[in-house]
Amino acid sequence: HRLKAPFVWLAIKGKCRVFILNGLDPANVGILLKEKVDELWFNRILYPGELQADTIAKVKRLGIKVVCDVDDHWELPKGHIAYNAWITYKMKENILQALSLADAVTCTHHRLKVEVEKVTKAPVSIIANAIDHSDNQFSMVRNYPNKPLVFGWQGSAAHIHDIEVMS
């Protein structure tokens, strides 16, 4: 959602050509040349496990810039819904490796940028989440002036603790 939606919008507007794929490993990086890709953007990790470094190295040898996007910190609190899977699949290590190998990094806000800059030598830019609030799902159907104001939550279950901050 974070990367795909804005890139699709840019492609629709004729600002760039976008090639979207689901998964990339050392064996299929040639598809990037075939599609004439200049930059490879991915969120958090390019490929889980040991093949990530090999894949990124092959992509770079093709002259393609590698951009890693992070929208959350790589260290999860123990109470997080995904904590056990995060540890099992070594997500922290994979994300840190991706950040260290990227030519550039994007993230969602300044506090995260400060943390990212501690673990990468690549330039880091902030790109806020690109939610299209003009989409019908966000429009108010009816106004009820005599009812109390109710806030809606837009986020995943992984961010349920963020709601507590609003209480």
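A residue is called buried here when its relative accessible area is under 20%, exposed when the value is over 50%, and partly exposed in between (1.4 Å probe, protein chains only). By this rule, 25% of the 167 residues of the protein chain count as buried. The structure is a predicted model, in which local features need pLDDT of at least 70 and side-chain atom pairs count only at pLDDT 80 or more, while totals for chains, interfaces and linings use all residues. Residues are numbered from 1 along each chain as its sequence is written, and side-chain values use heavy atoms, with hydrogens and water left out.

Helices (H or I, at least four residues) and strands (E, at least two) were taken as DSSP runs and numbered from the N terminus. On this basis the protein chain holds seven helices and four strands, and they follow one another along the sequence as α-α-β-α-β-α-α-β-α-β-α. Contact means heavy atoms within 4.5 Å. Among contacts between residues at least 6 apart in sequence, 58% join residues at least 24 apart. The chain exposes about 11800 Å², of which carbon and sulfur atoms supply 56%; these areas come from the Shrake-Rupley method with a 1.4 Å probe, and for residues only the protein chains shown count as cover.

We can turn next to the aromatic rings. A pair of aromatic rings is described by the distance of the centres and the angle of the planes. Rings of Phe, Tyr and Trp (its six-membered ring) pair if their centres lie within 6.5 Å; planes under 30 degrees apart count as stacked, over 60 as edge-to-face and the rest as tilted. The count by this rule is one aromatic pair. The ring centres of Phe7 and Trp41 are 5.2 Å apart and their planes stand at 75°, so the pair is edge-to-face. Because Phe7 belongs to helix α1 and Trp41 to strand β1, the pair ties together parts that are 34 residues apart in sequence. Phe7 is partly exposed, at 22% relative accessibility, and Trp41 is also partly exposed, at 26%.

The second largest pocket has a volume of about 840 Å³. On a 1 Å grid over the protein atoms alone, a pocket is an open set of points where a 1.4 Å probe fits, with protein on both sides within 12 Å along at least five of seven lines, and lining residues have an atom within 4 Å of a point. Of the 27 lining residues, the closest to the pocket centre are Phe19, Ile20, Leu21, Leu40 and Trp41. The elements that give two or more residues to this lining are α1 (4-12) and β1 (39-43), and β1 gives the most, with five residues.

Ile64 lies in the loop between α3 (51-61) and β2 (65-70) and is buried, at 3% relative accessibility. Beyond its neighbours within four places in sequence, Ile64 is in contact with Leu32, Val37, Asp38, Glu39, Leu40, Val59 and Asp103. The C-alpha atoms of Ile64 and Asp103 are separated by 9.6 Å, although these residues are 39 apart along the chain.

Two lysines also deserve a look. Lys36, in the loop between α2 (30-34) and β1, has a positive phi of about 55° although it is not a glycine, and Lys36 is exposed at 66% relative accessible area. Lys90, in the loop between α4 (83-88) and α5 (91-101), likewise has a positive phi, of about 50°, without being a glycine. Lys90 counts as exposed, at 52% relative accessibility.

How values were computed: Points joined across faces, edges and corners; volume = space filled by probe spheres on them.
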